[in-house]
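Subject: Structure handover

Hi,

Here is the structure you asked about. My notes on its salt bridges follow below.

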There are 2 protein chains.
Amino acid sequence: MATTQDRQLVEQWRSIQNSYFRTAAAIDRALEAKFDIGLNEFEILDLVAESVDSACRMKALGERTPMTQSAVSKVVDRLEKAGLVSRVTCTDDRRSLYLELTDAGRALHSDAAVEHRALLKENLGE
Amino acid sequence: MATTQDRQLVEQWRSIQNSYFRTAAAIDRALEAKFDIGLNEFEILDLVAESVDSACRMKALGERTPMTQSAVSKVVDRLEKAGLVSRVTCTDDRRSLYLELTDAGRALHSDAAVEHRALLKENLGE
DNA sequence: TGTCATTGAATGACGTGTCATATAGATTGA
DNA sequence: TCAATCTATATGACACGTCATTCAATGACA
């Protein structure tokens with residue numbers, strides 16, 4: 001029994017999906033092309049860049065992103081391999097790690113962020 | 001130079017991401033558990049179910065979903081393997097295919113749709 | 001009619017996300 | 001202090017999406 005409310009919900013959902021995928025794809029392509037970095041990689045960089053405190057952060061990162069813990073771990077792998085970030089063990093809890101931007105990471109982030117914000121504006125705030 | 005407008009954009013984007021991922025994951029888990037079918041599979045079923053006309057539809061499907069053409073093709077593979085849908089060749093253009101729900105597909109869809117709408121309501125319309 | 005470009009769909013190689021699990025360090029309580 | 005348990009992260013198997021390519025059918029035009 002498809003009520004009109006059901007149809008509205010489905011419409012709303014599809015519209016969310018479309019705008020989400022369109023903007024995500026646009027940003028991903030642009031970052032990939034200009035900075036050789038994926039959207040998820042950038043988002044982690046972005047989170048690291050905005051954490052000025054030096055708390056143990058792998059864990060905290062997982063709470064600020066819809067990514068899985070293991071996804072975050074692998075994204076960080078790639079960032080580290082690319083020399084943009086480094087894992088530093090915490091002295092107060094040696095299970096934990098916190099992340100630091102390397103100089104290259106900081107440089108790339110500040111350029112990529114401009115692109116990122118511009119595309120968000122273009123896609124969200126039309 | 002992080003303007004406050006930039007921060008708002010980023011906030012807005014993260015909130016979209018979060019609500020998108022949370023609802024998608026909730027629906028996916030529920031459908032998987034109760035009907036052994038993923039979210040993308042359901043969405044294709046749903047599109048097929050709502051196309052009453054018998055136009056050649058693989059193509060049309062691609063236009064109604066953010067999925068790639070090849071993704072659609074593979075989702076349909078799975079639906080076909082599960083006996084929920086069948087591919088029928090078009091007589092007017094033999095490159096094209098249109099899709100039909102099998103009886104099992106129709107039955108599963110009508111049950112799953114109830115669950116789907118309920119979860120949308122729960123997650124979108126708070 | 002014969003060639004060339006185009007279109008609808010399928011496929012294989014590959015990257016990345018997820019789940020379940022492993023590992024090492026921390027904490028609790030007897 | 002020593003188990004038992006819990007917590008932070010890493011890892012391997014696997015599923016799925018994407019890109020590039022392929023194949024067959026169509027259309028266009030000489």
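A residue counts as partly exposed when its relative accessible area lies between the buried limit, under 20%, and the exposed limit, over 50%. R87(B) has a relative accessible area of 23%, so R87(B) is partly exposed. Please keep in mind that this is a predicted model.

R87(B) has a partner. Its side chain meets that of D77(B) in a salt bridge, at 2.2 Å from N to O. D77(B) sits in helix α4 (residues 69-81) of chain B and R87(B) in strand β1 (residues 85-89) of chain B, so the pair ties together parts 10 residues apart in sequence. D77(B) is also partly exposed, at 30% relative accessibility.

Now chain A. E41(A) and R78(A) form a salt bridge through their side chains, again with a N to O distance of 2.2 Å. E41(A) belongs to helix α2 (residues 39-50) of chain A and R78(A) to helix α4 (residues 69-81) of chain A, so this pair links parts 37 residues apart in sequence. E41(A) is buried, at 10% relative accessibility. R78(A) is partly exposed, at 45%.

Back to chain B. D93(B) and R95(B) form a salt bridge, with their closest N and O atoms 2.9 Å apart. D93(B) is partly exposed, at 23% relative accessibility. R95(B) is exposed, at 73%.

One network is worth a look on screen. Salt bridges link R14(A), D46(B), E50(B) and R117(B).

For the overall count, a search of the whole structure finds 18 salt bridges over all chains.

Best wishes

Terms used. Residues are numbered from 1 along each chain as its sequence is written. Chains are lettered from A and ligands numbered from 1 in the order in which they are written. This is a predicted model: local features need pLDDT of at least 70, side-chain atom pairs count only at pLDDT 80 or more; totals for chains, interfaces and linings use all residues. Side-chain values use heavy atoms; hydrogens and water are left out. A salt bridge is a side-chain nitrogen of Lys or Arg within 4 Å of a carboxyl oxygen of Asp or Glu. Helices (H or I, at least four residues) and strands (E, at least two) are DSSP runs, numbered from the N terminus. Buried means under 20% relative accessible area, exposed over 50%, partly exposed in between (1.4 Å probe, protein chains only).
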